[in-house]
Amino acid sequence: MRDLLSIRETDTDQIHQVLQTAVGFNEILKRPVKKVPTLRGRSVITLFYESSTRTRTSFELAAKYMSADAVNIAVAQSSVSKGESLKDTLKTLEALTADCIVIRHPSSGAAHLAAQFTSVPVINAGDGRHEHPTQALLDALTIWQHKVVGAEDDTYPVALRPDKPFDLAHLTVAIVGDLAHSRVARSNAWCLSRLGATVRWAGPRTLLPAEAHQLPVTVCDDLESALTGADVVMVLRLQTERQESGLLPSLREYSRLWGVTHTSLRWAKPDVLVMHPGPMNRGVEISAEVADGVGGVRSTVEQQVTNGVAVRMACLYLLMGGSGE
Ligand code: NCD
């Protein structure tokens, strides 16, 4: 792998390799001193044209925990605001001797374009409504920990066990919400189906992309059919920043029909895992009680964030050819 641009272009062996590597890094995150010399003397630049809390910070921490130098470009204060093109920005970062560039951009396809402009490895940290590959990988790791290894929240990270392969063939994952605008939903459709899971997509018709039927997913018309017998429910944020007006009659109606609550979770398996990539709109797509794991709900929201650091360490390590020390 030279770049990590999409899961659609990542094969099952490569997905296994990232997950396997991330399991090892997860162990490092449990240590009192979370630092290894693996990427000493290398540099990672994060270039975010969209806001981010988890993704940008976890890439930065991932780089730092492996002793790389991490630099963030605050796009609003950079020469981008003077009209500098994506090509010139990438060429500049390469000339500044970056060893890896992590990019988030509002346009679908921007990460692929960026990779054409530079020979430095590029990681897509979310491009428009297209893909968010590291999010899908951290979600797959979280599902594996709970549903294959059986780790409870307080015992993760778990060591890789040869008798616990990254095989999700027995699982049904329902991805619910604003599918049209979600790069998380697309990357997860590819990633989880490559690992064998059955993936269901469910959301209002106006928030279902036209190409859904070309993806490895089963489209469900209502929340009940999506959740019935599901092992995992992945809740998506209503991405109003990408929506045109008129897609939803009202937020109240949306949360009544599509909100994941204790009541709707009764359709799913009793040990259903509730996931959300964050940021959450509490009371809209997910109730506060479900988000917080009240009443025995297995919410993995925070565990996903921690796994994000391990997965991003793995991606940086594999793309930058870290030393095995
Ligand atoms: C997601 C994103 O930016 O695509 N967030 C994230 O990276 N954790 C999902 C979202 O913004 O709703």
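**Exercise 1.** Which residue forms a salt bridge with Asp221, and how far apart are the closest N and O atoms?

*Solution.* The model is predicted. Step 1: the partner of Asp221 is Arg205, and the closest N and O atoms of the pair are 2.3 Å apart. Step 2: a salt bridge requires a side-chain nitrogen of Lys or Arg within 4 Å of a carboxyl oxygen of Asp or Glu, so the pair qualifies. Step 3: Asp221 sits in the loop between β7 and α7 (223–227), while Arg205 sits in the loop between β6 and β7, so the bridge ties together parts 16 residues apart in sequence.

**Exercise 2.** State whether Asp221 and Arg205 are buried or exposed.

*Solution.* Step 1: exposed means over 50% relative accessible area. Step 2: Asp221 has 52% relative accessibility, so Asp221 is exposed. Step 3: Arg205 has 57%, so Arg205 is exposed.

**Exercise 3.** Describe the salt bridge between Glu211 and Arg186.

*Solution.* Step 1: the closest N and O atoms of Glu211 and Arg186 are 2.8 Å apart. Step 2: Glu211 is in the loop between β6 (198–202) and β7 (218–220), and Arg186 is in helix α6 (residues 183–194); the two are 25 residues apart. Step 3: Glu211, at 29% relative accessibility, is partly exposed, whereas Arg186, at 7%, is buried.

**Exercise 4.** Locate the partners in the salt bridge between Asp292 and Arg282.

*Solution.* Step 1: their closest N and O atoms are 2.7 Å apart. Step 2: Asp292 lies in the loop between α10 (288–291) and β10 (298–299), and Arg282 in the loop between β9 (273–275) and α10, so parts ten residues apart in sequence are tied together.

Key. Residues are numbered from 1 along each chain as its sequence is written. This is a predicted model: local features need pLDDT of at least 70, side-chain atom pairs count only at pLDDT 80 or more; totals for chains, interfaces and linings use all residues. Side-chain values use heavy atoms; hydrogens and water are left out. Helices (H or I, at least four residues) and strands (E, at least two) are DSSP runs, numbered from the N terminus. Buried means under 20% relative accessible area, exposed over 50%, partly exposed in between (1.4 Å probe, protein chains only).
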